[in-house]
Amino acid sequence: MSLTDWVTLDVGGRLISTYRSTLLSSPHSVLAKMFSPNSSLEPAKTHNGHYSIDADPDIFSVILNWLRYQKVLLPTTLTCHSVSVVAEYFGLTDLVSQLNPAPAKAVWPEVVTLDVRGRKITVNRSFLTRYPNSYLAEMFSAAARYTPTRLEDGSYSLDADPECFMVIINFLQYDKIILPYFGGPTLEDIRFVATQFALGNEIMLALGQVKDRVAETKVRVVVVSEEKVLMGVTEK
């Protein structure tokens, strides 16, 4: 046997001929082991002396062309997946990689603009990805599996209460719960929205501390008010 041998294969009933060296061009593949001059895995031969290969002939032709040219020449009648299955069977890992390229990683700017129910919020992306297990990190990390809808102005749409979300953003940035002096969301609303983004555990302690401070302030206000009332009564 020689590498320059011209061999004929019977692939699913179709005769296909090539040089032995072509079948050996991927040294670690099953085909190389089958057709190596010193092979102990030589395939069976038909009565005509052709090597019998049990595979789809159209798919095998794509594989053979890849072995010749290192390029995938895929006809419209076949899919990458169907060729990949057979290529994997024959141990052609490089071809499998070409047929199944890794998805391109999202390229993110350092600063992103969010559209939170119509309110534009510009934030450093590092704050959004601070907690890797949160949904915000899932959305805005370099290896994001899914990203929110991008609007025409380039901002990313998030469906959340903007007031609650601003409290969450400030927490991610400063490790503190910052509430407006008047009005604003309740602690329960903030906790609910944080939980929706899988930040419930991270923000819970900070919310608890704020709740205690609010309660203490209310008590102090009530005490002061009562003292003023008593003083007013005494003065009369």
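**Chat notes: a predicted model**

User: Which residue just after α4 takes a positive phi?

Analyst: G91 does, with a phi of about 70°. Bear in mind that this is a predicted model.

User: What is buried in α4 itself?

Analyst: α4 covers residues 80–89, and V83, S84, V86 and A87 are buried there.

User: Why would residues like that line up on a helix?

Analyst: An α-helix has 3.6 residues a turn, so residues three or four places apart point the same way. In α4, V83 and A87 are both among the buried ones.

User: Which helices do the buried residues of α4 pack against?

Analyst: They pack against α3 (57–69) and α5 (93–99).

User: Back to phi. Which residues have a positive value without being glycine?

Analyst: Q70 is one, with a phi of about 60°. D175 is another, with phi near 65°.

User: Where do Q70 and D175 sit?

Analyst: Both are in loops. Q70 is between α3 and α4. D175 is between α8 and α9.

User: Are they buried, partly exposed or exposed?

Analyst: Q70 is partly exposed, because its relative accessible area of 43% falls between the 20% and 50% cut-offs. D175 is partly exposed too, with a relative accessible area of 44%.

User: And R20, buried or exposed?

Analyst: R20 counts as buried, because its relative accessibility is 3% and the cut-off for buried is under 20%. R20 lies in helix α1, residues 20–23.

User: How far is R20 from T4?

Analyst: Their C-alpha atoms are separated by 6.1 Å. Along the chain the two are 16 residues apart.

User: Give me the overall picture. How many helices and strands?

Analyst: Ten helices and six strands. The protein has 236 residues, and 36% of them count as buried. Of the contacts between residues at least 6 apart in sequence, 51% join residues at least 24 apart.

User: What does L136 touch?

Analyst: Leaving out residues up to four places away in sequence, L136 touches L128, L158, F165, L172, F197 and L199.

User: Which residues line it?

Analyst: The lining includes Y135, M139, P148, L158, F192, V193 and F197. D159 and D161 are also in it. By type, the lining has eight nonpolar, two polar and two charged residues.

User: Which element gives the most to that lining?

Analyst: α9 does, with three residues. The elements giving two or more are α7 (135–140), β6 (156–158) and α9 (187–196).

User: Last one. What is the average pLDDT?

Analyst: The average is 86, and 86% of the residues score at least 70.

User: Where is the pLDDT below 50?

Analyst: Over residues 214–224. Beyond near neighbours in sequence, that stretch has zero contacts in the model.

Notes. Residues numbered from 1 in each chain as written. Predicted model: local features only at pLDDT ≥ 70, side-chain atom pairs only at ≥ 80, totals over all residues. Heavy atoms only, no water. 1 Å grid on protein atoms, 1.4 Å probe; cavity = no way out; pocket = protein on both sides within 12 Å on 5 of 7 lines; lining within 4 Å. Helix = DSSP H or I, 4+ residues; strand = E, 2+ residues; numbered from the N terminus. Nonpolar A, V, L, I, M, F, W, Y, C, P; charged D, E, K, R; others polar. Contact = heavy atoms within 4.5 Å. pLDDT = per-residue confidence, 0-100. Buried < 20%, exposed > 50% of the residue type's maximum accessible area, 1.4 Å probe, protein only.
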